[in-house]
Amino acid sequence: MEASAAVESSATVAAFEVSRRPDTGKLVLNSPSPPSLREELVGVVGKAFRPRAAGGGRPPRCAWALTALQCVFPVLTWGRTYTLKSFRSDVMAGLTLASLGIPQSIGYANLAKLDPQYGLYTSVVPPLIYAVMGTSREIAIGPVAVVSLLLSSMIQNVVDPATDPATYRSLVFTVTFLAGVFQVSFGLFRLGFLVDFLSHAAIVGFMAGAAIVIGLQQLKGLLGLSHFTNSTDIVSVIKAVCSALHDPWHPGNFLIGCSFLIFILTTRFIGRRYKKLFWLSAISPLVSVILSTVAVYATRADKHGVKIIQKVHAGLNPSSAKQIHLNGPHTAECAKIAIICAVIALTEAIAVGRSFASIRGYKLDGNKEMLAMGFSNVAGSLSSCYVATGSFSRTAVNFSAGARSTMSNIIMSITVFITLELFMKFLYYTPMAVLASIILSALPGLIDIKEACTIWKVDKMDFVTCLGAFVGVLFGSVEIGLAVAIGISFAKIIIQSLRPQVEVLGRLQGTNIFCSIRQYPVACRTPTVLTIRIDTSFMCFISATYIKERIIGWVREEVEMSNGKARERIQAVVLDMSSVVNIDTSGLTALEEIHKELVSLGIQMAISGPGLNAVQKMKVSRVVDRIGEDWIFLTVGEAVEACLTEHKGTALEC
């Protein structure tokens, strides 16, 4: 008798609480209509071009124009507060940056199958454009190893640089122009999500694979080989090295390359051990070039088999506008290569920029970075440059040297320009082996074994993506590695979409909080009410059938278990759809079929917290009418209380 009285009392209290609580189900159903597709597109474009006033109102026309200019050219913002002290710091950083960038640019041009001057050209124009448009204070713009490899490995499949160098250069400039156009488009239309198609795990694996491939490619210069494979996979490279070793080769190349590689790595170790000596590792590549060039000239080692650069064209960047062909026979291939290079270059640049921005405590604007990088490459393609982006090694040097703004890029660009004008003839005797050693010294930073181990510990599927990219690049090609990584990533997304989490919920004792009983075993299920949460943002054709079968299966199992036990029989099912932001026609059909099945079993169905788009579509498709407006609630707690009140005497709670 006392237990019965307690049950009636709790049911009365629950009914009173429901009666005095506002009808939040009406709030759910009367929510405003979601924006149409046209409104969303207009809003995206408007955000890209419409600057905001400081107070949130509409700015005056002159202020609007000034704000627009400041958005496009951030130099107009930071330039007003720029000081002489910052300039001195940037001059030192820029000179230090140039001492590292000059030899690296020559080496990366060689990796891209271009003459040395094109690497130096790429360190002149793009940094100047980025300096007035970029938002990162530390990032150093210029050629990088991975993008150089991408260009050479993919474009040489279209045109062989050895047999037709002029057409090859034309394709490089065309790809650079299209890559810049794609990057500008990403920034204007806020398409930065395209960069996210390459997950962090994919980038780690891709960079490691590319580093090994680049290292193997440098065996040609390190060993002084005349004939070498154009393939980038490890099997072809090893075969080429083995076959080349049977031919006459000159150990002087290997001796020079290894000696200066050890020198560069030693100075880097000292620079990391003693932070004040960071400049030692920064200038070591330039010192290596100078010393090796003097040694070869003094000993005439080029007469004894040591491979040298020979003539390098001096002077200002010549125009390459006439070499860009947008309607030629290879335009489609150039566009494909350009989109890959654009995404890889942006991914590397934004990752590098954000890393150092977080250290300095400011925020990097991703869309402005895309615009700056895009215009840098468009301008570069017109002035004999190839794809430029942010370099991690040079950015680290720039940061350590005390750079305060993008002025350091301008100083570096001016220094490289002076080098092009005055010192190119001194590079004639520079050995190719030294360029190989400079590239090899930069590769350990691309192989992050520690991060790969962390990925393995955290997410095994992410590690499979990482491994797929690594193996694809190493044993296939750069394109295959990227395709494998993206394919595995999408497969992971599809698998998770096919099998979203569907959880049975319970109430935490003494609260109105409902959570998964699998995650929180202390949560108690409410008798006669089965509460289920659908953990997917989009209930669509991929997942709708699985969700329906899972829910109906649980309900039937509960009904079978409670046969003959009236007090334990399921009388209501509450679907927590607070995670469901959107729903398609397949999802709506699945809800209707769940409702029909529950009605046939004499069970009431209630829904709580559906998202804005989901509510709108449920109303238009008349699913709300079939379920009943009174059975749509804002929270799970209200839905459960309503179900308990409807089926009196069962309000037993934990």
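Biologist: Which residues of α10 do L151, S152 and I155 in α9 meet?

Modeller: Happy to start there, with a predicted model, in which local features need pLDDT of at least 70, side-chain atom pairs count only at pLDDT 80 or more, and totals for chains, interfaces and linings use all residues. Residues are numbered from 1 along each chain as its sequence is written, and side-chain values use heavy atoms, with hydrogens and water left out. Helices (H or I, at least four residues) and strands (E, at least two) are DSSP runs, numbered from the N terminus. With contact meaning heavy atoms within 4.5 Å, the α10 partners are Y168, L171, V172 and V175.

Biologist: How do the axes of α9 and α10 lie, oblique or parallel?

Modeller: Axes are lines fitted to C-alpha atoms, for helices over the stretch in contact, with angles from 0 to 180 degrees between N-to-C directions. Those of α9 (residues 145–155) and α10 (residues 165–188) come within 11 Å and cross at roughly 125°. Angles under 35 degrees count as roughly parallel, over 145 as roughly antiparallel, 65 to 115 as roughly perpendicular and the rest as oblique. That angle therefore makes α9 and α10 oblique.

Biologist: How many nonpolar residues does the contact of α9 with α10 have?

Modeller: Here Ala, Val, Leu, Ile, Met, Phe, Trp, Tyr, Cys and Pro count as nonpolar, Asp, Glu, Lys and Arg as charged, and the others, Gly among them, as polar. By class, the contact of α9 with α10 has no charged residues and one polar residue, and its nonpolar residues number six.

Biologist: Is the crossing of α16 and α17 right-handed or left-handed?

Modeller: The axes of α16 (residues 331–360) and α17 (residues 366–381) come within 11 Å and cross at roughly 130°. A crossing is left-handed if the near helix is turned anticlockwise from the far one by less than a right angle, and right-handed if clockwise. By that rule, the crossing of α16 and α17 is right-handed.

Biologist: Which residue forms a salt bridge with R360?

Modeller: A salt bridge is a side-chain nitrogen of Lys or Arg within 4 Å of a carboxyl oxygen of Asp or Glu, and the count comes to ten. For R360, the closest N and O atoms of the pair are 2.8 Å apart. R360 sits in α16, and its partner, 222 residues apart from it, lies in the loop between α8 (125–133) and β1 (141–142). That partner is E138.

Biologist: What is the bridge partner of I607 in β10?

Modeller: β9 (residues 604–608) and β10 run parallel and are joined by two bridges. In β10, the residue bridged to I607 is I632.

Technical notes: Pairing = 2+ DSSP bridges.
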